[in-house]
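Open the model in your viewer and keep the selection panel at hand. The tour goes from one selection to the next.

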There are 2 protein chains.
Amino acid sequence: MTDNHSAVLLIIGNEILSGRTQDTNTPWIANKLAERGIRLLEVRVVPDIEERIVEALHELRGKAQYVFTTGGIGPTHDDITTQSVAKALNLPIVLDPKAKDVLLEFYGSQDQLTSARLKMAHVPSGAVLVPNPVSGAPGYRIENVFVLAGVPRIMQSMLDHILPELQFGVPILSNTVTCNLMESTIAEKLAKIQDCYDDVEIGSYPHFRSGELGLSVVLRSPENDSLHKATIEVFDLIKSCDGKTHAVSIKSHGEGTF
Amino acid sequence: MTDNHSAVLLIIGNEILSGRTQDTNTPWIANKLAERGIRLLEVRVVPDIEERIVEALHELRGKAQYVFTTGGIGPTHDDITTQSVAKALNLPIVLDPKAKDVLLEFYGSQDQLTSARLKMAHVPSGAVLVPNPVSGAPGYRIENVFVLAGVPRIMQSMLDHILPELQFGVPILSNTVTCNLMESTIAEKLAKIQDCYDDVEIGSYPHFRSGELGLSVVLRSPENDSLHKATIEVFDLIKSCDGKTHAVSIKSHGEGTF
């Protein structure tokens, strides 16, 4: 059984694991899903090794309603996502005529459709294409798996295309209260606030900027009323530990009010 | 059986999965490990839920020589890493007297050692502390698991302390060749170069900047000679497809030469 309105993300990329490339797709996807009430339950980064991708897909497919993959759908020898997805789902790989037409248009003529380029028109049998307005070669959906490009600009345009297809949940609203207290100063009382609000998730995130420790308390909930009340309590807690000497700011995301 | 000189990273953090925070610890850790010839095999991001952390630790501990965790070792209710690690390793949690002394010094007096702060002096039995010069509360090593803070500045100082303890492998050298070709233009010939060099891993990474598609070819190897030869072949391949119109640059990391 998987939760409705849930997703996992599988990042296929040696370049992330080697430290060469900073993954920026995770926060982008997480935010877009959260706006639609879809919760990201897990992210995995695995190398460009078929066995590892297949294994991860087997494990992740049962964990959430949707699986997103990024990376590995290009024309080069290290692009092995499609063969891995097909293997994990036990499906043959077929040439998709629509994908071939898209590539023909992008590259301009039949003789430009080299075998490397044609590779990008091959998908697991039954896949539904996801357009790529940037560089032609499409992504696709097969069963509950969405196979997207790794290049952020391309991934983002593919995701925009997909989002309306997804089953919307109740959007998660959030407020952030930032202060310059140490989190240990408010930890016990913050736990008591958390205990009073089952439907609000309160996270405490210290940071270290310009040589100073500070703290963001993030409140997340699908319920605006509870979120509002809990945020006021956090605000009062910080003030009570704080007097006038510390700066307190509240930032609201989504439709949360306070 | 796990590979020597291998590691996995477990990121414990709702703030990453919600999209609020961009994880920057992965590339930092990956690069520091790569310099020492330790390969990062997988990264997982899981929520602040004990069951999910325990499950991930069970799976990851057998996959690599070292497991690093980041996040969840602070004083607040959502900091549940230590209880989860103890559960996964089937160990009791004990008050570490040295950790208590560190906190006593950091907070200044016994009456400042609230139960929330003392929580940070509790570790799985047998843990060896990792100092935290920024905010007192230590990380620790227990068996093959290194439990580190999530705040990047703190995590980095903990990692610096740990690195000399790790078993060094052969450092991976890398060269990057960047050009403004489409990757499909060189895909077939690049695969042939890859076929000639078993000990060089060649990755092809397209990018999209200022409205233009471009490409970085990254070559990685522990063998400087092979890396050198393969890099020259990639350089020549790009030139042969390119004439004089495209910019070609080579960037070298580690000790790779070309």
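Start by selecting the contact of chain A with chain B, where contact means heavy atoms within 4.5 Å. Chain A gives 67 residues to it and chain B gives 67 residues. Between them, chain A and chain B bury about 5000 Å², counted as the accessible area (1.4 Å probe) that two parts lose on being put together, summed over both. Carbon and sulfur atoms carry 55% of that area.

This is a predicted model, in which local features need pLDDT of at least 70, side-chain atom pairs count only at pLDDT 80 or more, and totals for chains, interfaces and linings use all residues. Residues are numbered from 1 along each chain as its sequence is written, chains are lettered from A and ligands numbered from 1 in the order in which they are written, and side-chain values use heavy atoms, with hydrogens and water left out.

Next, look for salt bridges (a side-chain nitrogen of Lys or Arg within 4 Å of a carboxyl oxygen of Asp or Glu). Side chains of opposite charge can pair when their charged atoms come close. Six salt bridges run between chain A and chain B. Over all chains, the whole structure has 28 salt bridges.

Select B:Arg52 and A:Glu42. Their closest N and O atoms are 2.6 Å apart, in a salt bridge. B:Arg52 sits in helix 3 (residues 50–61) of chain B and A:Glu42 in strand 2 (residues 39–46) of chain A, so the pair joins two chains. Helices (H or I, at least four residues) and strands (E, at least two) are DSSP runs, numbered from the N terminus.

Now select A:Glu55 and B:Lys63. Their side chains form a salt bridge, 3.4 Å from N to O.

Move to chain A and show helix 2 (residues 25–35) and helix 7 (residues 152–162). Their axes come within 11 Å and cross at roughly 15°. Axes are lines fitted to C-alpha atoms, for helices over the stretch in contact, and angles run from 0 to 180 degrees between N-to-C directions. The two helices of chain A are therefore roughly parallel (angles under 35 degrees).

Which residues make the contact between helix 2 and helix 7 of chain A? Helix 2 of chain A brings A:Asn25, A:Trp28, A:Ile29 and A:Lys32, and helix 7 of chain A brings A:Pro152, A:Met155, A:Gln156, A:Leu159 and A:Asp160.

Finish in chain B with helix 2 (residues 25–35) and helix 7 (residues 152–162). Here the axes come within 11 Å and cross at roughly 15°. Helix 2 of chain B is thus roughly parallel to helix 7 of chain B.

How values were computed:
Parallel < 35°, antiparallel > 145°, perpendicular 65-115°, else oblique.
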